[in-house]
Amino acid sequence: MCGDQSPEERFEIEAMPHLNDLFRTALRMTGERGQAEDVTQEVYLQAWRSFKRFEAGTNCRAWLYKILFHCVSHQRRKGFRFPLLKENEEFLVANLVQPAAVAQEITDGEILAALDDLPSEFRSVVLLVDVEEFAYKEVAEILAIPTGTVMSRLSRGRGLLRTHLAELARTYGIGKTRRKDTRS
Amino acid sequence: MTQIGFGELSCQKFRAKLDSYIDNELLTEGNLEMVEHFRRCTSCTQEAQDRRNLRRRLRDAVREVPVPAGLEQRVRDRLRRPNQPQPKKKVFLLAIAAVLGFASASFRFVTRVPGSPATRRYSHVSSSQFVNGSVFRVPWHS
C-alpha cells in the first residue's frame, strides 16, 4: 500500500495528524505552553530522524507518544524533579476509593486543575487511557512499565481525581448526602 | 445490600474490576459477570455511570484546550532545518551578541571620540602608549 510513498509522504500521513493531541498531552505533563511546544517540536524532530526505523503499519501514534514521554522525562531531569512516588500495588484497595459523580457545576478548568495536581506518574497513565484511549498494553509499552503497574496507577490516579473533585463539589454544597443511602 | 448468588460478584469485587470493564479490558466472561451484576445492583450501575461521566468530562476538557496558532507550521519548518537551533535559543544568542556588540561599540566611542572625558584626560598620551598599557605610568614620569 505504501511501498511507493516517499518517507516524507509517509511521515505526513502517519505522524502529522497526531500533532494537536501530542501538544495537549505535553501541555498537561509540563504545565507550560512554551515548554509543551518545545517538547512537541522535539518529538517530531526525533520521530523524523528515526522514521526509517519505524515499521510501516505498526502503531505510529503509540510510537510518537513513547517519544513524547521520553522527551518529557528528559526535560524534567534537566529542569526540576517531581516527587517520586513509591509504587504500591494496592489495586483492589485503590478501587474502593469513595467515588463521586462529576457535578455539572464543576468547570472544565477545575477538572484540568485537578488533573494537573495528580502526581506525574498517575497523570500520565490517566491521560493515556482516559483521554487518548490507549489500551493498557499500549500504555505499558509507551511508558515502559508492566501492565499491572498501569492498572494500579490508573486506579489510584482516577481515585485521587474523584476524591479531589468530590471535595470541590462539597465546597459548592453538592453531593453531601448522595452516597449514604445508595451503597449496597 | 444486594444479595449475592452463586457465581455473582460482590460489590467490592465488582468495583475492583469496574475500571477494566469501562476500559473494555475484560474478557467476554468477565464482561458477562459485570453485566449480570449491573442488572441486580443499582448502586454499582450508578457508580459505573459516574466513572464514565468523569472520563468523558476529562476527555472533553483536555481536548478543548486550544493549540497555539502556527504550531504545525513551526514543526514543519523545524523538520526542514533540523540542525538549526530553536527560535527561542536563537533569539537568546542574538540578544547576547547584541549586548556584547553594544558594549564594545560604547567602549570604543568613549575612548576614541575627541573631546570625550576619556580622551580629554589622556590627550597627552600617544596611541602607542595607550596600546602597550603604559598609560597609567606615563603622567608620573613626565
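Reader: How many cavities of 30 Å³ or more does a search of the whole structure find?

Author: The search finds 1. The model is predicted: local features need pLDDT of at least 70, side-chain atom pairs count only at pLDDT 80 or more, and totals for chains, interfaces and linings use all residues. Residues are numbered from 1 along each chain as written, chains are lettered from A, and side-chain values use heavy atoms, without hydrogens and water.

Reader: What makes a space a cavity?

Author: On a 1 Å grid over the protein atoms alone, it is a set of points where a 1.4 Å probe fits but cannot get out. About 60 Å³ lies in the largest cavity, a volume being the space filled by probe spheres set on the points.

Reader: Which residues line the largest cavity?

Author: Those with an atom within 4 Å of a point: A:D130, A:R158, A:R162, B:D19, B:I22, B:D23, B:R51, B:L54 and B:R55. α3(B) gives the largest share, 3 residues.

Reader: Why is α1(B) called largely enclosed?

Author: Because 9 of its 12 residues are buried, meaning under 20% relative accessible area with a 1.4 Å probe, protein chains only. Among them are B:D19 and B:I22, and both also line the largest cavity.

Terms used. Buried means under 20% relative accessible area, exposed over 50%, partly exposed in between (1.4 Å probe, protein chains only). Helices (H or I, at least four residues) and strands (E, at least two) are DSSP runs, numbered from the N terminus. On a 1 Å grid over the protein atoms alone, a cavity is a set of points where a 1.4 Å probe fits but cannot get out, and a pocket is an open set with protein on both sides within 12 Å along at least five of seven lines; lining residues have an atom within 4 Å of a point.
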